[in-house]
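Please look through the sequence and the model below before reading on.

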Amino acid sequence: MTAPIPRDIPDLPAIPAKSPLKPSPVPASAVATPVRRPAAAAFRLLVALAAAAGVTLEVLLSDPSRTLGYFAIQSNLLLALVMALSARRAWTAGRPLPGAVLGATLLYVVIAGLVHHLLLMNEASPFSLTGEAAAAPTGWQAVAHHTLHTLTPIAAVLDWLLLTTPGRLRLRQASTWLLYPLAYLAFSLTRGELLLPGTPDRYLYPFLDVGQDGYKKVLGNTLLLGLSFYALALLLVALDHARPNPLRHPWKTGFRL
């Protein structure tokens with residue numbers, strides 16, 4: 001004979017079951033439908049072709065060993081490569097290039113344009129070009145000249161403002177972007193030391209002319225320029241986080257550091 005089951009036994013709490021998989025947030029890029037952007041691809045391809053054409057003309061019309069040493073030439077070569085890759089990804093609905101790469105390319109080509117117009121071609125500047133170097137180019141040389149120093153920097157800024165998502169640049173990247181200008185400084189000074197005194201264009205820029213000004217003044221020039229370049233990098237990051245999103249919500253900003 002079995003004992004009767006008591007009716008006042010309280011209900012036991014349910015044992016929580018452990019989920020075998022931990023919940024993880026899925027990035028929006030993983031679920032969003034890829035979108036092809038043929039207009040952006042066409043614009044970026046034109047910018048890449050313009051930069052490549054300008055560099056090609058400069059190399060064909062001048063001494064290649066000297067021409068390829070200019071910062072403007074090297075930055076435009078990088079711009080042509082980055083714009084070609086960005087055009088391909090926009091055409092195939094691929095993920096955009098990392099913001100650090102786009103920001104560095106934009107900074108370098110803008111630096112090249114500003115240095116040319118504000119320092120080298122400005123008669124009020126202490127580093128303005130003199131003699132034959134200051135003469136206005138003509139013919140195809142003028143086409144290449146204006147393409148590399150005016151057209152491509154403006155086009156790069158327009159692509160950044162109108163065809164990219166804001167908020168992708170970071171403050172920590174600004175100092176990293178200065179590694180290439182620092183490497184270019186080492187290259188320029190080493191090149192000048194290897195060439196014989198009196199060689200034409202031994203130092204490609206007046207503010208790097210050790211033979212005329214000495215290392216003390218040149219290092220002072222580069223320090224001021226480096227601080228200016230860093231300030232410009234910080235400005236680009238700040239603008240990138242404050243500007244509206246032209247691709248989705250023009251009235252909103254991407255301000256977040």
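The points below, which describe a predicted model, are grouped by topic.

**Spans listed in the record**
- The unreviewed UniProt entry lists residues 41-61, 67-87, 99-119, 147-165, 177-198 and 218-239 under "transmembrane region".
- Over residues 41-61 the chain is 100% helix and 0% strand, with end C-alpha atoms 30 Å apart, while residues 147-165 are 89% helix and 0% strand, with end C-alpha atoms 26 Å apart.

**Two helices in contact**
- Helix α4 (residues 71-91) and helix α5 (residues 99-120) have axes that come within 9 Å and cross at roughly 145°, and this crossing is left-handed.
- Among the residues that make the contact are F71, L78 and V82 of α4, together with V101, Y108 and I111 of α5.
- The residues of this contact between α4 and α5 comprise 11 nonpolar, four polar and no charged.

**Aromatic rings**
- The whole structure contains nine aromatic pairs, and ring pairs link Y70, F71, Y108, F127, Y180, Y184, F187, Y205 and F207 into a cluster.
- F127 and F207 form an edge-to-face pair, at 5.7 Å centre to centre and 80° between the planes.
- Because F127 lies in the loop between α5 and α6 and F207 in the loop between α8 and α9, their pair ties together parts that are 80 residues apart in sequence.
- F127 is buried, with a relative accessible area of 17%, and F207 is also buried, at 7% relative accessibility.
- The rings of Y184 and F187 have centres 5.7 Å apart and planes at 50°, so this pair is tilted.
- Y184 and F187 both lie in helix α8, three residues apart, which is about one turn of the helix; Y184 is buried at 7% relative accessibility, whereas F187 is partly exposed at 36%.

Note on methods:
Residues are numbered from 1 along each chain as its sequence is written. This is a predicted model: local features need pLDDT of at least 70, side-chain atom pairs count only at pLDDT 80 or more; totals for chains, interfaces and linings use all residues. Side-chain values use heavy atoms; hydrogens and water are left out. Axes are lines fitted to C-alpha atoms, for helices over the stretch in contact, and angles run from 0 to 180 degrees between N-to-C directions. Helices (H or I, at least four residues) and strands (E, at least two) are DSSP runs, numbered from the N terminus. A crossing is left-handed if the near helix is turned anticlockwise from the far one by less than a right angle, and right-handed if clockwise. Contact means heavy atoms within 4.5 Å. Ala, Val, Leu, Ile, Met, Phe, Trp, Tyr, Cys and Pro count as nonpolar, Asp, Glu, Lys and Arg as charged, and the others, Gly among them, as polar. UniProt positions are given in the numbering used here, feature names are shortened, and annotations may be inferred rather than shown by experiment. Rings of Phe, Tyr and Trp (its six-membered ring) pair if their centres lie within 6.5 Å; planes under 30 degrees apart count as stacked, over 60 as edge-to-face and the rest as tilted. Buried means under 20% relative accessible area, exposed over 50%, partly exposed in between (1.4 Å probe, protein chains only).
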